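Dear colleague,

Please find below the structure that I am handing over to you. My notes on what was found in it follow directly after.

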Amino acid sequence: MTVFGDPNNFALIAASVQSWNERPGLGNGIFHFVVDGRLFPRRARVSALSADIGSLSSGNALVDLPENSAVSSLGTDDAFRFLLNGMLPYILMDEDEIPDNFQTDYTYQASTNNLEDENCFAFAVKVGHQVRVLAAEIVLDSLAGGNRLLDVSEAWIDVKELAEIIDLAKEAFKNRSL
């Protein structure tokens, strides 16, 4: 298993799991984000490494580094809700609250398939020379009438450090050294 970055702040964890592959190689393994010491997704699950690591490219907010001054000034939970509602409003909002002319916006999406398949979402917004990464697992609370619970984690990371983490993960996959 390889850890790229600082798990106390922001890191990627990736490893090929040979017993999950029919042939030797890096097809399937584990892939997680670590944001402020919390693992997303929190359970090990099969990741198509080429898809998860491959998604760390143009179109992913960890690479494109979009800016949004309104989001940068919001508190952690409010910023996460704002970004999730812009991408997938039906997760937190009632259908009648979603405008008829709603346009899905994936600009700030940082999460990969492996995270989202477990109801974990991550977003990234550049603020100056830093990137604000927000991540949470959406959990249904059956005791609270089916309300969705959020416990948002936040990390701030230097733009250059983030680029290095992404590059190292992609290089390790390319060189088959996970």
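**Aromatic pairs and cores**

Phenylalanine 10 and phenylalanine 33 are both buried. Please bear in mind throughout that the model is a predicted one.

The two rings have centres 5.8 Å apart and planes at 75 degrees, so the pair is edge-to-face. Phenylalanine 10 belongs to strand S2 and phenylalanine 33 to strand S3, 23 residues apart, and the pair thus links distant parts of the chain. Ring pairs also join Phe10 and Phe33 with Phe31 in a cluster.

Phenylalanine 123 counts as buried because its relative accessibility is 1%, the cut-off being under 20%. The whole structure contains 3 aromatic pairs.

**The nonpolar cores**

The largest nonpolar core comprises 31 residues, and Phe10, Leu12, Phe31, Phe33 and Leu62 have the most contacts inside it. Two or more residues each are contributed by strands S2 (10-16), S3 (28-35), S6 (120-127), S7 (130-137) and S10 (153-158), and by helices H1 (49-54), H2 (61-64) and H6 (159-174). Helix H6 supplies the largest share of this core, 6 residues. Another core, of 16 residues, lies apart from it and includes Val71, Ala79, Leu83 and Tyr108.

The surroundings of phenylalanine 10 deserve a separate entry. Beyond its neighbours within four places in sequence, phenylalanine 10 is in contact with Phe4, Gly5, Phe33, Val34, Val35, Leu62, Val133, Ala155, Ile157, Leu162 and Ile165.

**Helix H4**

Helix H4 spans residues 76-87, 12 residues in number. The distance from its first C-alpha to its last is 17 Å, close to the 16 Å expected at 1.5 Å a residue. Its buried residues are Ala79, Phe80, Leu83, Leu84 and Met87. These residues lie on the same side of H4 because they cover an arc of only 125 degrees around the axis. In general, an α-helix has 3.6 residues a turn, so residues three or four places apart point the same way. The buried residues of H4 pack against helix H3 (69-72), helix H5 (113-116), S6 and S7.

**Serine 50**

Serine 50 is located in helix H1. With a relative accessibility of 48%, serine 50 counts as partly exposed. Leaving aside neighbours within four places in sequence, serine 50 is in contact with Gly27 and Phe173. The C-alpha atoms of serine 50 and lysine 174 are separated by 9.4 Å, although these residues are 124 residues apart along the chain.

**The chain as a whole**

The protein chain has 6 helices and 10 strands. Of its 178 residues, 44% are buried. Among contacts in the protein chain with a separation of 6 or more, 53% are between residues 24 or more positions apart. The chain exposes about 9,400 Å², of which carbon and sulfur atoms supply 46%.

Yours sincerely

Note on methods:
Residues numbered from 1 in each chain as written. Predicted model: local features only at pLDDT ≥ 70, side-chain atom pairs only at ≥ 80, totals over all residues. Heavy atoms only, no water. Core = buried A, V, L, I, M, F, W, Y, C linked by side-chain atoms within 4.5 Å. Buried < 20%, exposed > 50% of the residue type's maximum accessible area, 1.4 Å probe, protein only. Helix = DSSP H or I, 4+ residues; strand = E, 2+ residues; numbered from the N terminus. Contact = heavy atoms within 4.5 Å. Expected span 1.5 Å × (residues − 1). Arc of directions from axis to C-beta. Phe/Tyr/Trp six-rings, centres within 6.5 Å; stacked < 30°, edge-to-face > 60°. Areas by Shrake-Rupley, 256 points an atom, 1.4 Å probe, with all protein chains shown as cover.
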